[in-house]
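Please consult the sequence and structure shown here.

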Amino acid sequence: MAKSSAASTLAPSSAALGASTPTPSLQPRDDQDDRTEKASVNGDMMVPPKFLDKATIERLGRQRPDSLPSRASEAFFVFTIVMSMMMSEYFIGGFNIVLPPIADALGIPASSRTWPAGVTNLTTAALLQPLARLCDLYGGRAVFLGGHAWLVVWSLVGGFSQNTTMLIVCRAMQGIGSAAFLPAGLAILSQTYRPGPRKNLVFAVYGAFACIGFYFGIFVGAVTAEYLDWRWYFWVGAIVGLIIAISACISIPSPTGNSGDVDPGAKMDWLGVVTIVPGLVLVVFAFTDGYHAPDGWKTPYIHVSLVLGILFLAAAVYVQGWVSTQPLLPPDLFKAKYMKRLMAALFLSYGVFGLYLFYASFYIQSVMHIRPILTAAWFTPLAVGGMVLAIAGGLVLHIIPNKVLMIISSLGFVLSVLLFALIPDPATSGRSTGFVYWAYVFPAMICGTIGVDITFNVTNIFITTAMPRRHQAAAGGLINSLLYLGIAFWLGIADLAVSATVQSRGGGGSGGRDNVDDDRQRYQIGFWTGLGLAIASLALVLTVKMGSAEASLTADEKAELEVATAAGTGQS
């Protein structure tokens, strides 16, 4: 990724061609050579490209992919993929806004309201890797379309929910749809674009639509909660999802020839499925429900769930490392330098963002008593800032070192939760709502979008560029697993922190929930928990070395070049 790495990949190319071969840039280009270069670039021929000198790599990193013949087709294609990310966030961001009227209409008790909000994250996080493998078996395009069709159906049914159980089931089923089309969409993007400025811009827009989707969900949730019926929140999502599915049928090219994204030798890792999925579900369930269980963390089924979940995950580690021939988490995903530390930082950072969104929504509405429609307006900087960062980031990601950007992003996470934790009590401080918004909420929103947008864009490009084509779906699944699992897991930990703090202050019964002074203290504990995670993530980022996301060879081309270089050295 760094400039030095790009130069080092170019140096062996002449050696690989033999000592008597002239410098690539000085050789005449004939039609056959041009076809060889283009075929290698598009993945049709697994041979080292003969003319990928530095100027050619720069040009290929900026030009439109051959599979998208016009600017209109490229715009349509990118629109489809980024809208899928928006829809995933739509059903997370806006649901907290419509949850109060849903709870009133369906009679959902306060102790059960966590599950309709969190079960989507849980099913998405647990099933991302198995469904990412389906991309290898059936192709990213088919999985992308199937995931959206599934989401549309269950969004439509969710609008007709008659009780708590039906609502939770529909929300869980929605998560399965997201688990299918998210890794598929990311794999399609990374297989279509080469490393370089054009890929940077597309991935920046993709990341920006996460914030836009969250805001769009809040806006639609506020409108439906205040002026319509909460059921329209689901039905609007179903309509938009149907539009995306139709758009995908038209805009995503069907893979042909050897460049197709189906791996004939791929097979499902069923041992991985039966250990990873229940392990994640049980552990996240224990942490999420531990605070709301009848006797809090003293409830027996919480202990049983946690122990069983840990045992399943321990078995999953053994299966993935020593048993499975085609593990859901291939070892290659973790071989790149600093990858493990980077993934740990991502897991923490996405947890911070989840805590920030969850507690900020409730703080604004419950503590500051802001109406839903005004709450949506207060979140506007999150969406606008995401678009600005997308445009700016796409222009500078190949210039500014990624480590610098990640440090800025980490500081954004720190400030986003710190500002909310320091907001003065509106009941006793005498500060006006306008002052609180401009002094605390507005800058926190800006810092929040700086944190998540830069992190999402930089790491998506870094991880997918480091992976060969055959692992793009698994990489997409892993990236989104860190996002959704980080949100679901750390929300449970924050609930645990709230419970422990309340009990330490002398709270009793039901985990001490009934003796909490007010909602503001609960939310502050959540923000302080997020601050601790943000500082830990920043400490990890400081130890990671990352260059700029400039135009370079793909992972497959680098591997082929290494083989050719080794062969040339052996012959000499």
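## Nonpolar core

F420 touches Y356, A360, Y363, I364, V441, A444 and F527, not counting residues up to four places away in sequence; contact means heavy atoms within 4.5 Å. F420 and F379 are the residues with the most contacts inside the largest nonpolar core, which has 154 residues. Helix α13 (residues 339-367) gives the most to this core, with 17 residues.

A nonpolar core is a set of buried Ala, Val, Leu, Ile, Met, Phe, Trp, Tyr and Cys residues joined through side-chain atoms within 4.5 Å. Buried means under 20% relative accessible area, exposed over 50%, and partly exposed in between (1.4 Å probe, protein chains only). Helices (H or I, at least four residues) and strands (E, at least two) are DSSP runs, numbered from the N terminus.

## Basis of the model

This is a predicted model, in which local features need pLDDT of at least 70 and side-chain atom pairs count only at pLDDT 80 or more, while totals for chains, interfaces and linings use all residues. Residues are numbered from 1 along each chain as its sequence is written, and side-chain values use heavy atoms, with hydrogens and water left out.

## Helices α7 and α8

Helix α7 (residues 140-158) packs against helix α8 (residues 164-192) at an angle of about 160°, and their axes are 8 Å apart. Axes are lines fitted to C-alpha atoms, for helices over the stretch in contact, and angles run from 0 to 180 degrees between N-to-C directions. The two helices are therefore roughly antiparallel, a term for angles over 145 degrees. Residues making the contact include G147, H148 and L151 of α7 and G177, A180 and F181 of α8.

H148, found in helix α7, counts as buried because its relative accessibility is 0%. Leaving aside its neighbours within four places in sequence, H148 is in contact with S84, F181, G241, I244 and A245.

## A497 in helix α18

A497 lies in helix α18 (residues 472-504) and is partly exposed, with a relative accessible area of 22%. A497 and I525 are 28 residues apart in sequence and 7.1 Å apart in space, C-alpha to C-alpha. Residues up to four places away in sequence aside, A497 touches I525 and T529.

## Cysteines

How many disulfides does the rule give? The count is zero, where a disulfide is a pair of cysteine sulfur atoms within 2.5 Å. C249 counts as partly exposed at 45% relative accessibility, and C447 counts as buried at 13%.

How values were computed:
Angles under 35 degrees count as roughly parallel, over 145 as roughly antiparallel, 65 to 115 as roughly perpendicular and the rest as oblique.
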